[in-house]
Amino acid sequence: MPLGLGRRKKAPPLVENEEAEPGRGGLGVGEPGPLGGGGAGGPHMGLPPPPPALRPRLVFHTQLAHGSPTGRIEGFTNVKELYGKIAEAFRLPAAEVMFCTLNTHKVDMDKLLGGQIGLEDFIFAHVKGQRKEVEVFKSEEALGLTITDNGAGYAFIKRIKEGSVIDHIQLISVGDMIEAINGQSLLGCRHYEVARLLKELPRGRTFTLKLTEPRKAFDMIGVRSGGGRPGSGPQLGTGRGTLRLRSRGPATVEDVPSAFEEKAIEKVDDLLESYMGIRDTELAATMVELGKDKRNPDELAEALDERLGDFAFPDEFVFDVWGAIGDAKVGRF
């Protein structure tokens, strides 16, 4: 049977390289404490968190990216719970945490925390800074944005294409959270939903973006660059295991991805950007996991429909994902 025929609602691909990517009980700053309890995720995010006794007992060190003492967090199973733990550690509202980077305080999208954290990774939390409102004239169909989201309701800019419409607007930067378009709130929207709204804006018209940028550091560089753990402990990022955070079900401790998985995830993430304008390593990893044992593209399409049906991936995209996974298996990258 032809791929997707009669089974799936087909959505046309978005413009290439265009917009869209995809708790309580926290510990005090620098203070050890018991394993945390329930999470901050909403009821629509999948299965409830497992009992505390079944959670991986792992402690991570964290700082605010603009500068802070070092906090210790544990007991989270998904990104929302992680943000809740960070917020409690630094006595902040959880909604203030925009996104996290691993092993760097900089707004470095290559170090963005996605679905996996190395067991020795140091977490830097970027919180809300200055809000701004920008008028944009859409002179081209493609604005030149790649969008991702933090897994907890905030979509933000991951890349700006050089020479694009947005590239010429100095007030808009990588890391800016897109709070609203023309007064329509985007809080709680996924990256692909924001991308679709941006794509559907009429060419030749002006629209308004309400943005929030990450809080910038001033003279706090010394605090952050010291960023390692005190004493003679292991260096950051040297652990061979990772904590895999899932939107459905408990977090699991896994080995680092194999060479095949790394290559396949990278290629599928590139395809997500090319077809849908989004970057989302967690989504890419889920797709590779679903596809690595499938015998043909139709089986992959059925698995994607069952697990990720909300995305309505176009058939040609599924074919390319199947090819990317197959190429990675035989080392053709």
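1. Start with D270. This is a predicted model, and in it D270 has 32% relative accessibility, so the residue counts as partly exposed. Its side chain meets that of R279 in a salt bridge, at 2.7 Å from N to O. R279 has 8% relative accessibility and therefore counts as buried. The cut-off for buried is under 20%.

2. A network of salt bridges links R159, D269, D270, E273 and R279.

3. Next, take R131 and E179. Their side chains form a salt bridge, with N to O at 2.3 Å. This pair links distant parts of the chain. R131 lies in strand β5, residues 123-137, and E179 lies in strand β8, residues 177-181. The two residues are 48 residues apart.

4. Are R131 and E179 buried or exposed? R131 has 53% relative accessibility, so R131 counts as exposed. The cut-off for exposed is over 50%. E179 has a relative accessible area of 13%, so E179 is buried.

5. R295 and E299 give another salt bridge, at 2.6 Å from N to O. R295 counts as exposed because its relative accessibility is 69%. E299 comes to 19%, and therefore counts as buried. Note that the limit for buried is under 20%.

6. How many salt bridges are there by the rule used here? The count comes to 13 salt bridges. Those described above include R131 with E179, D270 with R279, and R295 with E299.

7. Now the cysteines. A disulfide is a covalent bond between the sulfur atoms of two cysteines. How many disulfides does a search of the whole structure find? The search finds zero. Among the cysteines, C100 has 0% relative accessibility, so C100 counts as buried. C189 is buried too, because its relative accessible area is 18%.

8. Step back to the whole chain. The secondary structure of the protein chain comes to seven helices and 12 strands.

9. Last, the surface. The protein chain has 333 residues, and buried residues make up 49% of them. E179, R279 and E299 are examples of buried residues. The chain exposes about 15,700 Å². Carbon and sulfur atoms supply 50% of that area.

Conventions:
Residues numbered from 1 in each chain as written. Predicted model: local features only at pLDDT ≥ 70, side-chain atom pairs only at ≥ 80, totals over all residues. Heavy atoms only, no water. Salt bridge = Lys/Arg side-chain N within 4 Å of Asp/Glu carboxyl O. Helix = DSSP H or I, 4+ residues; strand = E, 2+ residues; numbered from the N terminus. Buried < 20%, exposed > 50% of the residue type's maximum accessible area, 1.4 Å probe, protein only. Disulfide = S-S within 2.5 Å. Areas by Shrake-Rupley, 256 points an atom, 1.4 Å probe, with all protein chains shown as cover.
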